[in-house]
Amino acid sequence: MSEDRRSLQELAGEYALGLLDAGEAAAFESRAARDPAAAAALSDWRERLVGLDAAAPPIPPSAELWARIDGAIDARETHASTQARAEAPPSPSLAARLWGSVAAWRGAALAGAVASVALAFVSVSAYRTAERQPQVIAVLLTPDGKPGAIVDVFADGSSYVAPLLDVSVPSDRIMQVWTLPDKTTGPVSLGLLENDGSARLQPASLPAPKPQQLYEITLEPSGGSPTGRPTGPILFKGFAERPR
């Protein structure tokens, strides 16, 4: 590569990176306006850098960072005034200046990645919290109107059933939990209360529960209803509502 070509590439790169001072930038802009080679070199650099620019979304600086920037500027101006008569050091090469800029971009990209991970963590946590909250709650009543059990139904189709009253279940019988998604489907079993106590029942392949959906617990033969429909007496019955 010729010296003129190398210098042109360096100038275009420094201009694209914003590393030229005001006078140098104005001179290069003027050159690019009349020199197709300079304009082409600038276009090449901008195409190379657009991917890096897109990879690091802007992050607003914090108040603490602004304070550090102000302090650094003040310190630099003080240092410059005391060193005004010192010999100016040679300008760093394009490679050195470009490396410094890339390091800054890497820091910005890392900060963006950390922010993305934090946002993803918050989103997952919110999803898991919502998943643990019941979609509907049904208070099931005895035939004489006393609260006998509570059914919580979750987003994954599982349900938690907690009897509120002691029930004397014969050895050849078992309590079975049912719901009525709609009248055309008919009652569907949610599972068995094998220990006659609270239980988390497995997800059922049903439409999302809705307010005023019917839930009930019946007394069935050991192993559950032989017909797939309630056959025994209804112990508790109630309608679902969304939690407030």
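I take helices (H or I, at least four residues) and strands (E, at least two) as DSSP runs, numbered from the N terminus.

The model is predicted, so I noted the limits: local features need pLDDT of at least 70, side-chain atom pairs count only at pLDDT 80 or more, and totals for chains, interfaces and linings use all residues. Residues are numbered from 1 along each chain as its sequence is written, and side-chain values use heavy atoms, with hydrogens and water left out.

**Entry 1, overview.** I counted five helices and eight strands in the protein chain. Along the sequence I read α-α-α-α-α-β-β-β-β-β-β-β-β. I called a residue buried under 20% relative accessible area, exposed over 50%, and partly exposed in between (1.4 Å probe, protein chains only). By that cut-off 28% of the 244 residues are buried. I then took the accessible surface by the Shrake-Rupley method with a 1.4 Å probe; for residues, only the protein chains shown count as cover. The protein chain comes to about 15,900 Å², and carbon and sulfur atoms hold 58% of that. For contacts I used heavy atoms within 4.5 Å. Among contacts in the protein chain with a separation of 6 or more, 58% join residues 24 or more positions apart.

**Entry 2, the sheet.** I let two strands pair if DSSP finds at least two bridges between them. In general, strands of a sheet pair through backbone hydrogen bonds, either parallel or antiparallel. Here eight strands form an open sheet with antiparallel pairing, and I wrote down the order 5-4-7-8-1-2-3-6. Strand 5 (188-193) and strand 6 (199-201) are the edges, each pairing on one side only. Neighbouring strands of this sheet are turned by 25° against each other on average, direction ignored. For that angle, axes are lines fitted to C-alpha atoms (for helices over the stretch in contact), and angles run from 0 to 180 degrees between N-to-C directions.

I looked at residues 136-141. Val136, Ala138 and Leu140 point to one face and are buried. Six bridges tie strand 1 to strand 2 (residues 147-153), antiparallel. Three bridges tie strand 1 to strand 8 (residues 234-241), also antiparallel. I traced Ile137 both ways: its bridge partner is Asp152 in strand 2 and Glu241 in strand 8.

The hairpin of strand 1 and strand 2 has five residues between the strands, and Gly145 takes a positive phi near 90°. Strand 2 and strand 3 also form a hairpin with five residues between them. In that turn Gly157 has a positive phi of about 90°.

**Entry 5, strand 3.** Four of the five residues of strand 3 (residues 159-163) are buried. Five bridges join strand 3 to strand 2, and three join strand 3 to strand 6. Ser159 is the bridge partner of Val153 and stands opposite Leu201 in strand 6.

I defined a nonpolar core as a set of buried Ala, Val, Leu, Ile, Met, Phe, Trp, Tyr and Cys residues joined through side-chain atoms within 4.5 Å. The largest has 21 residues, and Leu140, Leu193, Tyr215 and Ile217 have the most contacts inside it. Strands that each supply at least two residues of this core include strand 4 (173-180) and strand 7 (214-221). Another core, of 11 residues, lies apart from it, with Phe28, Ala38, Leu42 and Trp45 among them. I also checked Ile217: not counting residues up to four places away in sequence, it touches residues including Leu140, Val161, Leu193 and Phe236.
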